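Subject: Structure for your review

Dear colleague,

Please find the structure below, followed by an account of what was found in it. I would be grateful if you would read the two side by side.

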Amino acid sequence: MDGIFLQQLINGLTLGSVYGLIAIGYTMVYGIIGMINFAHGDVYMVSAYLAAIGLALMSFFGLHSFPVMILGTLIFSVVVTSLYGWAIERIAYKPLRNSTRLAPLISAIGMSLILQNYVQLAQGARQQGVPTLLDGALRLHIGEGFVIITYTKIFIIVASIVGMGLLTYVIQKTTLGRMCRATQQDRKMAQILGINTDRVISYVFIIGAAMAALAGVLITMNYGTFDFYAGFIIGIKAFTAAVLGGIGSLPGAMLGGIILGVSEAQFAGLVNSDYKDVFSFSLLVLILIFRPQGLLGKPHVAKV
Amino acid sequence: MTQTSSSFDIKVILRDTFMVGLVSLILFGPIVGIVLDGYGFNVEPQRVAIMVAVVMAGRFLLSVFGQTNKGRAWIESFRRNDGGVHVLPPGYKSNLRFILPVVILVAIALPFLANKYWLTVVILCLIYVLLGLGLNIVVGLAGLLDLGYVGFYAIGAYGLALGYQYLGLGFWTMIPLAAVMAAVAGAILGFPVLRMHGDYLAIVTLGFGEIIRLVLNNWLEFTNGPNGVSAPSPTFFGIEFGRRAKEGGVPIHELLGVSYNPNATMIFIYGVLFLIVLLVLYIKHRLTRMPIGRAWEALREDEIACRAMGLNHVLVKLSAFMIGASTAGIAGVFFATYQGFINPASFNFFESVLVLAIVVLGGLGSTMGVVISAFVMTLLFEVLREFGDIRMLVFGVLMVVMMMWRPRGLIRISRSGFAIRKGVAP
Amino acid sequence: MSDNILTVEGLGMRFGGIKALSAVDFNIRRHSITALIGPNGAGKTTVFNCLTGFYKATDGRILLNTEKGPQTDVGKIMGEPFQPTDFINPAQFGSRLWYKMFGGTHLVNRAGLARTFQNIRLFKEMSVIENLLVAQHMWINRNLLAGVFNTKGFRQAEEKALDVAFYWLEVVGLTDSANRLAGEMSYGQQRRLEIARAMCTRPELICLDEPAAGLNPAETEALSAIIRRLRDEHRITVLLIEHDMGMVMSISDHIVVLDHGNVIAQGLPDEIKNNPKVIAAYLGADEEEVA
């Protein structure tokens with residue numbers, strides 16, 4: 001096989017698993033309250049800043065071993081980002097629960113603007129970066145060429161799988177997960193059965209934000225740089241992944257993320273890297289036209 | 001109301017205030033207090049302290065206010081959310097018939113009073129009025145959230161610049177052509193997407209706006225990429241307004257035998273734009289009283305009922321989408337000719353958000369509201385130019401607050417009434 | 001031309017694995033009042049949604065035989081999936097493609113079938129009279145230029161539409177509320193407005209989904225009078241779903257009883273009243289016991 005193809009496959013898998021993690025936030029929120037949380041991309045952006053801040057704090061306190069640093073940063077970032085997710089829902093969406101259909105969407109866009117500009121004001125407009133944490137790479141020789149797989153990429157893929165596994169466990173096996181699934185099926189009925197649906201919705205935002213935080217730490221590790229505008233493009237792409245996999249479906253989000261990541265990387269490697277974003281957006285439009293329920297989603301039956 | 005709930009519960013207030021303070025400390029602490037600097041950081045505790053103190057004080061006052069009777073009534077008014085729509089009595093004549101002539105007189109006087117700077121500001125205001133009116137049809141009347149509106153604006157602007165460069169098309173040809181081009185783009189995008197359920201449209205249009213910008217940015221051979229292209233100045237029956245005629249012929253000041261006025265181009269653009277805005281206002285006024293306008297609003301209210309009434313919901317939505325797009329196309333032509341030079345940076349997502357903010361503040365569906373808010377926002381934009389970052393933050397806060405407080409905008413929406421008829425046979 | 005305005009043959013509907021309707025057959029005679037009754041969950045509203053084109057029936061045919069036009073096959077205008085034979089028959093392919101792109105619920109209404117909804121669906125933030133004008137969308141001057149220039153033809157068409165709207169308002173007794181917002185009115189008024197709005201689309205068959213739900217006895221009586229008037233004065237065929245048996249028995253010419261997605265009985269009100277199967281379905285007795 002072609003060296004570029006394999007290299008881009010690895011890159012795509014890394015990118016795709018991170019898209020999948022962010023897509024979970026979109027897909028769960030859409031599943032439960034039927035709205036697109038436009039601010040979710042910016043939650044990811046906040047988490048990238050938090051990751052960098054966490055790393056800086058760690059090295060300031062003299063902690064340099066990789067497991068301690070990454071674990072500390074992860075916990076720090078996940079906790080604070082989850083609180084952001086909770087606060088956003090509380091401020092911008094909860095008061096609008098009985099409002100018109102358009103109101104939460106516009107409020108979400110407002111929230112996205114607030115987050116971007118708040119971070120820009122607090123941290124400055126310049127690009128930020130983190131040092132490389134994991135050095136070294138595997139070199140695989142294939143035929144004439146070779147493929148480089150950095151340890152960071154392996155770590156990202158493993159961490160995403162662990163994150164997804166944890167989430168699947170929570171959703172499938174715990175009481176909280178059962179409440180989430182019940183609320184997603186029928187919010188009114190869940191409420192009648194004594195489930196505090198407002199709290200379940202809060203949990204969903206927290207879970208989505210926590211997954212975005214994991215993604216934020218992982219992407220920051222891989223690329224090293226980011227700015228206050230980083231959430232916008234990644235947000236749309238993660239949404240594309242959610243739609244591709246079937247909005248409302250957790251495995252769909254992960255599958256969609258990986259398919260999008262791999263195909264985008266292949267497009268960039270084999271066709272043209274300037275137009276890779278155009279490729280992803282066009283993919284979104286095409287899916288919505290030809291298979292709006294996505295790969296694993298159920299077709300929508302309107303209630304009359 | 002029970003007695004206990006109306007009494008003043010200081011313990012609850014203090015607990016709320018403390019919790020809010022704690023949450024905001026965790027939220028603001030890292031992002032505001034620890035500023036990244038290379039791989040290290042600077043600590044700014046006093047900024048965090050100020051922000052937490054402000055939030056706590058705000059929460060405290062809100063809680064105290066919420067426990068008074070007046071405050072409770074006020075919070076209740078938030079919840080009621082009646083939309084503020086009312087029906088006018090049948091023979092109602094709007095005050096506009098007095099206001100409009102005054103506005104037109106002021107508009108005519110303006111070129112004689114204003115200097116070049118203010119003229120350009122007013123032109124920009126009018127361009128945003130045009131954009132706001134177009135988007136208001138889509139968002140306010142038809143209830144479709146279009147986040148790629150700037151894409152159609154870009155089609156108009158680049159249509160003029162590239163049409164002139166490659167085909168020699170001028171300002172006057174491009175006004176109708178841009179409207180048609182934008183409408184066709186809207187139709188191609190809208191037809192497949194509009195048949196789907198609601199919110200997907202927002203994200204697809206967002207993607208579309210970005211695709212347009214990315215293509216303009218990356219297709220170097222055709223659009224000159226980020227370096228931009230120049231757009232032609234308008235002419236009047238082939239007569240030019242510059243000091244010297246570029247295309248040959250005689251510039252207008254020589255033709256009329258007056259001294260050269262450097263503002264002439266701007267005054268001309270202003271005049272044409274003003275007439276077009278009036279025309280669009282009139283068309284908008286008519287549309288809301290026409291079957292198609294009523295169908296848009298009905299669709300916003302209840303799509304399923306609309307289908308049961310025999311309305312093809314896709315085509316009705318599409319018509320709103322196309323008319324909105326064509327308005328943006330026209331606005332784009334004016335933007336290009338007034339700037340004389342355009343590049344893709346003018347057509348980013350924030351521009352879409354700005355127009356959306358204009359529509360939201362003016363009131364979804366209210367024509368007057370949109371005109372006023374376009375002027376206010378654009379002027380605010382000019383005044384706050386040096387506070388560029390705060391500006392967008394303020395817009396974001398405004399959008400969230402407006403959705404909670406007045407989702408239908410600051411101006412009450414009125415519907416026209418009809419004289420009652422009795423004993424009519426169909 | 002047959003005497004039946006609507007023919008339902010072997011109608012079946014599945015949602016995923018759940019069979020909501022199976023082999024439902026019935027006919028509706030022109031200028032009659034037919035009631036569709038049955039216990040909760042029997043599939044009445046599903047039948048309605050199939051008839052009015054909100055659901056695509058999985059099996060069977062629904063034929064609408066209006067006087068004003070040719071026979072309408074509801075399944076066809078909803079957009080059927082392509083068949084292999086279409087690719088050798090361009091005309092059929094074209095027709096299917098056309099209905100896939102532009103077909104749908106609205107064509108059922110245009111063919112002459114109007115409906116109301118169980119949970120009222122009015123245009124709440126529009127005035128009562130505007131609700132009725134929207135319903136006449138297909139009957140007024142929709143020319144954009146005529147509207148923008150407010151031509152004489154446009155004004156005349158609007159005047160005529162207003163006449164029709166006020167006529168129907170008077171029929172349902174809401175003339176004085178013409179300039180109120182639809183969402184502001186009382187429940188009973190909203191129900192009547194919905195009927196008036198459906199009538200403004202000028203149908204030949206109107207389907208009413210629980211029109212008397214939530215009305216008091218006096219209002220129900222007034223509603224019955226309106227429904228009779230539709231049949232007698234306007235030559236409209238009425239199909240209604242209703243739980244108020246007093247009303248159903250007093251106004252219906254024909255009753256179809258549905259249970260568990262099957263038609264278990266149909267006939268005149270008196271036959272239905274004494275039908276053991278119907279009684280069993282409503283009272284929940286064992287089938288063997290009554291048989």
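Of the 426 residues of chain B, 43% count as buried, a residue being buried if 20 or more other C-beta atoms, placed from the backbone, lie within 10 Å of its own. This is a predicted model, in which local features need pLDDT of at least 70 and side-chain atom pairs count only at pLDDT 80 or more, while totals for chains, interfaces and linings use all residues. Residues are numbered from 1 along each chain as its sequence is written, and chains are lettered from A and ligands numbered from 1 in the order in which they are written.

Chain B has 18 helices and 6 strands; these are DSSP runs numbered from the N terminus, helices being H or I with at least four residues and strands E with at least two. The C-alpha trace of chain B spans about 85 × 80 × 45 Å along its principal axes.

Between chains B and C, 32 residues of chain B are in contact with 39 residues of chain C, contact meaning that the C-beta atoms lie within 7 Å. On the chain B side, α13(B) gives the largest share, 7 residues. By class, that side has 19 nonpolar, 4 polar and 9 charged residues; Ala, Val, Leu, Ile, Met, Phe, Trp, Tyr, Cys and Pro count as nonpolar, Asp, Glu, Lys and Arg as charged, and the others, Gly among them, as polar.

Chain C holds an open sheet of 6 strands with mixed pairing, in the order β6-β7-β8-β3-β9-β10, where two strands pair if DSSP finds at least two bridges between them. Strands β6 (113-115) and β10 (262-267) of chain C have a single partner strand each, so one side of each lacks a neighbour in the sheet. Within chain C, β3 (residues 33-37) and β9 (residues 254-259) pair in the parallel sense over 4 bridges, and C:Leu36 stands opposite C:Val256 in β9(C).

In chain A, helix α5 (residues 151-173) has 23 residues and should span 33 Å at 1.5 Å a residue, the expected span being 1.5 Å times one less than the number of residues. Its end C-alpha atoms are 32 Å apart, which agrees. The buried residues of α5(A), among them A:Ile156 and A:Leu167, pack against α1 (3-33), β3 (145-150), α8 (197-223) and α10 (250-270) of chain A.

Yours sincerely

Technical notes
Buried ≥ 20, exposed ≤ 12 C-beta atoms within 10 Å, placed from the backbone. Contact = placed C-beta atoms within 7 Å.
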